[in-house]
Amino acid sequence: MKKNILFVDDEKQILRAVNRLFMDSKYTVFMADNGEDALNILEKENIDMLISDMRMPGMDGYQLLKAVKEEFPSVIRIILSGYAEGEVVFKSFRQNLAKLYLFKPWDNSQLMSIIDRVFETEKVLKDKNLLSIVSNLEELPTISDTYNRFCSLIDIDADVREFSALIEEDPSIAAKVLHYANSAFFGAKTGSISQAIMYMGLDNIKNIVLTATVFDRMNSSEKLLHLREELWEHACLCNKAVILLHERLLGKRLPEIYASAGLLHDIGKIVFISNFPEGYSRLIKTIDIDKSKSFVDVETEAFSVSHQEMGGYLLDWWELPHPIVEAALYHHSPGLDKILNKELVSIVHIADYFVWELMGTNSMNSLDIDVMDNLNISMAECRKIVRSINKGL
């Protein structure tokens, strides 16, 4: 069945160009030149994807995305806009209003390829085995009230004192924020939440709030306490490694909207441990004894899906940006053609491997040498960068 895509742009020539591009495609295209008409189409038609401009008279793109998220949450939301709207685009991503941002003017073949690959990933996330296991879970982690309130404060441009007061309501989150801020990587050297926020920035703090609440909800029996702490350490170290590797190997800063890729890439393991504590503990012991299979293969044999699919599903359900979902969904298979942000997924793959090595843990993960060759980097370079990270959190 054809997928339905709704394009929204107040420029008639843009809509005409879109119409020509998709005339003989496998997609059915709807068009609107304003936000109100777009919402009317969404009411009447079964739209799978919305691609909207940001700067429009009347209801602008930001307001439209916000309304679509509230009223039609299953619709994939993408921004297609010019360079001038940087701040409002950034704000949209902070509130999880859009999956991707595409620039005008676009390359026709590239735009079509991006749409194809987004739908391919959606197909993976709607696999019947994955949906079956998700529907039978006792608990799927939800975004915490603290995180939602944090995002609401960002929306109203609250001052640092309000953010600090919110974080200080939860001693566990406050401790993790200070621990992270005072690590050698950031070196804030402070006992003040306000100073930690000013030093690290709202996006780093937001990512810690999101991840910490999920880890804290994980089954905390004595048996699994060590595993929880190990996974938290791995997530934090991996996040630092992703930032460093991205800067030093690719020569550019990691975009802030992708800054939680390292923290969240293994979140699927938390779902498995929380719902199948005994079974997952046995699985880990099995892997320690039998080295002939990869961790992902053993998980898939036991649960029909791996922590990759489970993590990707959860982050997509939380409506996080598409590259963050990809980092969780494909970090053990970074060479797949369906991946849009290959650089980010590749860096997470590399960070994951070398951080486990740094921690002295045999994770049974293999390193994709093709990825290293494609990025023109060596194992020695990666190992040196990751080992430069101070393990003390």
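Tutor: Let's start with H2 and H3, which run roughly parallel because their axes cross at roughly 20° (under 35 degrees counts as roughly parallel, over 145 as roughly antiparallel, 65 to 115 as roughly perpendicular, the rest as oblique). H2 covers residues 35-44, H3 covers residues 61-71, and their axes come within 10 Å. (Axes are lines fitted to C-alpha atoms over the stretch in contact, with angles from 0 to 180 degrees between N-to-C directions; helices are DSSP runs of H or I with at least four residues, strands are E runs of at least two, both numbered from the N terminus.) This is a predicted model, where local features need pLDDT of at least 70 and side-chain atom pairs 80 or more, while totals for chains, interfaces and linings use all residues. Residues are numbered from 1 along each chain as its sequence is written, and side-chain values use heavy atoms, leaving out hydrogens and water.

The crossing of H2 and H3 is right-handed, meaning the near helix is turned clockwise from the far one by less than a right angle. On the H2 side, look for Gly35, Ala38, Leu39, Leu42 and Glu43; they meet Leu64, Ala67, Val68 and Glu71 of H3 (contact is heavy atoms within 4.5 Å). That contact has six nonpolar residues, one polar and two charged (Ala, Val, Leu, Ile, Met, Phe, Trp, Tyr, Cys and Pro are nonpolar; Asp, Glu, Lys and Arg charged; the others, Gly among them, polar).

(On a 1 Å grid over the protein atoms alone, a pocket is an open set of points with protein on both sides within 12 Å along at least five of seven lines, and lining residues have an atom within 4 Å of a point.) Of its 29 lining residues, Tyr101, Leu102, Phe103, Tyr258 and Asn341 lie nearest the centre. The lining splits into 19 nonpolar, five polar and five charged residues.

Definitions and conventions. On a 1 Å grid over the protein atoms alone, a cavity is a set of points where a 1.4 Å probe fits but cannot get out, and a pocket is an open set with protein on both sides within 12 Å along at least five of seven lines; lining residues have an atom within 4 Å of a point.
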